[in-house]
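Please have your viewer open as you read.

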Amino acid sequence: MSHAASLRILVCGDADRGDNGAPLIAIAHLLPTLPRQVLDQVEVRRRELLDVSDLIDLGEGEACVIIDTAANVEPGAIVTVSLLDLANRSDGPVPRSAHVARIDEGIRSISTARGCLPPGSFVGIGGRSFGFGVPLSIPVRTALPGFTLAIGTEIMRILGIRVPDPR
């Protein structure tokens with residue numbers, strides 16, 4: 001039986017551009033570890049450039065997690081910011097792949113078009129190296145396990161699934 005996903009995951013970045021590939025690596029490591037209960041509730045979309053139109057068609061009760069390299073963040077630092085905070089602040093961490101327009105304005109326009117802002121968040125990692133054909137920088141490579149964990153934690157939080165304590 002097919003049903004609509006309750007969480008859309010937008011994975012942004014370009015694997016050929018250094019630290020810009022970190023979100024792709026993190027989600028590739030995370031997805032095989034997620035339980036079927038989670039996988040049945042998510043839709044994953046890969047995007048080289050973030051387009052806020054991916055948020056406009058979210059259905060009632062659906063949420064979104066944007067995974068990207070973060071601008072305005074130290075290399076290797078991991079941030080989680082609500083979509084509401086992205087809409088209300090232009091000086092904080094923002095998805096680096098949102099080249100087309102200011103992300104805060106784009107999210108506010110979605111809120112106007114939909115009548116409300118969809119629930120969700122942005123999970124990002126600060127990058128240093130974005131040249132074509134360059135490898136991940138050392139700070140990003142070192143922080144990848146934490147980035148992967150932060151993404152998984154946010155997915156579980158939004159879906160309301162408790163993560164068992166490993167102790």
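## Ground rules and overall make-up

A contact here means heavy atoms within 4.5 Å. Among contacts between residues at least 6 apart in sequence, 78% join residues at least 24 apart. This is a predicted model, in which local features need pLDDT of at least 70 and side-chain atom pairs count only at pLDDT 80 or more, while totals for chains, interfaces and linings use all residues. Residues are numbered from 1 along each chain as its sequence is written, and side-chain values use heavy atoms, with hydrogens and water left out.

The protein has six helices and six strands; these are DSSP runs, numbered from the N terminus, with helices being H or I of at least four residues and strands E of at least two. Read from the N terminus, the order is β-α-α-β-α-β-β-α-β-α-β-α.

## Surface and burial

The protein exposes about 8600 Å², and carbon and sulfur atoms supply 54% of it. Accessible areas come from the Shrake-Rupley method with a 1.4 Å probe, and for residues only the protein chains shown count as cover. Of the 167 residues, 49% are buried (under 20% relative accessible area; exposed is over 50%, partly exposed in between, 1.4 Å probe, protein chains only).

## Strand S3 and its partners

Eight of the nine residues of S3 are buried, so this strand is largely enclosed by the rest of the structure. Two strands pair if DSSP finds at least two bridges between them. S3 runs parallel to S1, with five bridges joining them, and Leu 7 has Ala 63 in S3 as its bridge partner.

S3 also pairs with S6 in the parallel sense, over seven bridges; here Thr 69 stands opposite Ile 125. With strand S5 (residues 94-95), S3 pairs in the antiparallel sense over two bridges, and Ala 70 stands opposite Pro 95.

## Two nonpolar cores

A nonpolar core is a set of buried Ala, Val, Leu, Ile, Met, Phe, Trp, Tyr and Cys residues joined through side-chain atoms within 4.5 Å. The largest one has 27 residues, and those with the most contacts inside it include Leu 7, Ile 9, Phe 147 and Ile 155. Two or more residues each come from strand S1 (7-12), helix H1 (22-30), strand S3 (63-71), strand S6 (120-126) and helix H6 (138-159). H6 gives the largest share, nine residues. Apart from this core lies another, of 18 residues, among them Leu 50, Ile 66, Leu 83 and Ile 110.

Leaving aside residues up to four places away in sequence, Leu 7 touches residues including Val 42, Ala 63, Val 65, Ile 155 and Leu 159.
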